[in-house]
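Trainee: I'd like to learn how to read ring pairs and helix packing. Can we work through a case?

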Amino acid sequence: MSADRPEPGQGPVALALRVLLLLAYPVLSHVASLRNEGLWAAAALAGLVLLCLLEPLARLRPWAWAVLLASCALLWWLGGSVWAWMLLLAPPVVFPLLVAWGFARSLLPGQIPLITRIVRALYARAGMPVTVPLERYTRRLSGAWAVVLLVLALINLVLAMSAVPDGLLAAFGIQPWWPVTHEQWSWCANIADWGLIGGFFALEYAVRSQLFPQRPYRNAWDFMRQMGQLGPAFWRDLLR
């Protein structure tokens with residue numbers, strides 16, 4: 001394959017599609033909660049399935065296409081029942097928990113913290129050394145992200161248990177102590193979550209800029225752009 005031609009499922013088009021699908025999920029999920037319609041919930045969940053299968057689909061893997069078609073058929077069938085909406089309760093709990101575990105696991109003995117690996121890669125591309133204080137900071141920051149995402153997952157779990165009439169407790173005939181409506185759940189799980197994550201990122205970036213003014217990126221946008229330039233191989237290795 002040509003060096004300037006991205007592999008299937010990679011490159012700027014694939015990245016843009018991933019970002020679009022990631023942003024579409026909370027919007028579709030919020031609409032499903034406001035309208036209380038299962039088909040909107042099914043569409044939101046189908047987008048998540050497509051996001052997870054994007055690379056093998058681009059590589060024309062038969063199993064990936066079979067999984068996508070089976071998932072869409074199942075979600076369409078579930079769209080006429082409360083189960084489609086109930087499935088929306090899972091991603092705001094499961095995904096932050098998985099990412100939190102990734103951060104926490106990288107703090108174990110013999111491992112390199114996730115953010116330390118990212119910072120080392122960015123500084124290496126610019127030919128800049130990573131100082132000992134910066135190494136300490138990135139380790140603590142990896143731990144902070146693990147805690148923030150774990151707390152977020154727990155909050156979303158409590159909300160999922162408290163949702164009425166189709167929350168986890170209500171499904172077993174248990175009246176939640178502090179019931180929340182579909183709409184209230186969605187404002188927290190689909191909107192406020194992103195605000196909290198974005199706020200924590202902005203606050204941390206401001207603190208980092210003051211503590212470490214010598215850095216290989218000019219601003220937050222340049223920081224995100226350079227992270228994207230690290231390449232798919234780096235990110236695949238990071239997430240293993």
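Trainee: How many aromatic pairs does the structure hold?

Mentor: Keep in mind that this is a predicted model. It holds seven aromatic pairs. Take Phe201 and Tyr205. Their ring centres are 6.5 Å apart and the planes meet at 25 degrees, so the pair is stacked.

Trainee: Where do Phe201 and Tyr205 lie?

Mentor: Both sit in helix α9. They are four residues apart, about one turn of the helix.

Trainee: Is Phe201 buried or partly exposed?

Mentor: Phe201 has 25% relative accessibility, so it counts as partly exposed. Tyr205, at 11%, counts as buried.

Trainee: Which pair do Phe201 and Phe223 form, stacked or edge-to-face?

Mentor: Stacked: the centres are 6.2 Å apart and the planes are at 20 degrees. Phe201 is in helix α9 and Phe223 in helix α10 (residues 220–228), so this pair ties together parts 22 residues apart in sequence. Phe223 is buried, at 6% relative accessible area. Ring pairs link Phe201, Tyr205, Tyr217 and Phe223 into a cluster.

Trainee: What describes two packed helices?

Mentor: The angle between their axes, and the distance between those axes. Now the case here. The axes of helix α7 (residues 132–162) and helix α9 (residues 182–211) come within 11 Å and cross at roughly 165 degrees. That makes α7 roughly antiparallel to α9. The crossing is right-handed.

Trainee: Which residues make the contact?

Mentor: On α7, they include Tyr137, Trp145 and Leu152. On α9, they include Trp185, Phe200 and Phe201. By class, the contact has 18 nonpolar, one polar and three charged residues.

Technical notes: Residues are numbered from 1 along each chain as its sequence is written. This is a predicted model: local features need pLDDT of at least 70, side-chain atom pairs count only at pLDDT 80 or more; totals for chains, interfaces and linings use all residues. Side-chain values use heavy atoms; hydrogens and water are left out. Axes are lines fitted to C-alpha atoms, for helices over the stretch in contact, and angles run from 0 to 180 degrees between N-to-C directions. Helices (H or I, at least four residues) and strands (E, at least two) are DSSP runs, numbered from the N terminus. Angles under 35 degrees count as roughly parallel, over 145 as roughly antiparallel, 65 to 115 as roughly perpendicular and the rest as oblique. A crossing is left-handed if the near helix is turned anticlockwise from the far one by less than a right angle, and right-handed if clockwise. Contact means heavy atoms within 4.5 Å. Ala, Val, Leu, Ile, Met, Phe, Trp, Tyr, Cys and Pro count as nonpolar, Asp, Glu, Lys and Arg as charged, and the others, Gly among them, as polar. Rings of Phe, Tyr and Trp (its six-membered ring) pair if their centres lie within 6.5 Å; planes under 30 degrees apart count as stacked, over 60 as edge-to-face and the rest as tilted. Buried means under 20% relative accessible area, exposed over 50%, partly exposed in between (1.4 Å probe, protein chains only).
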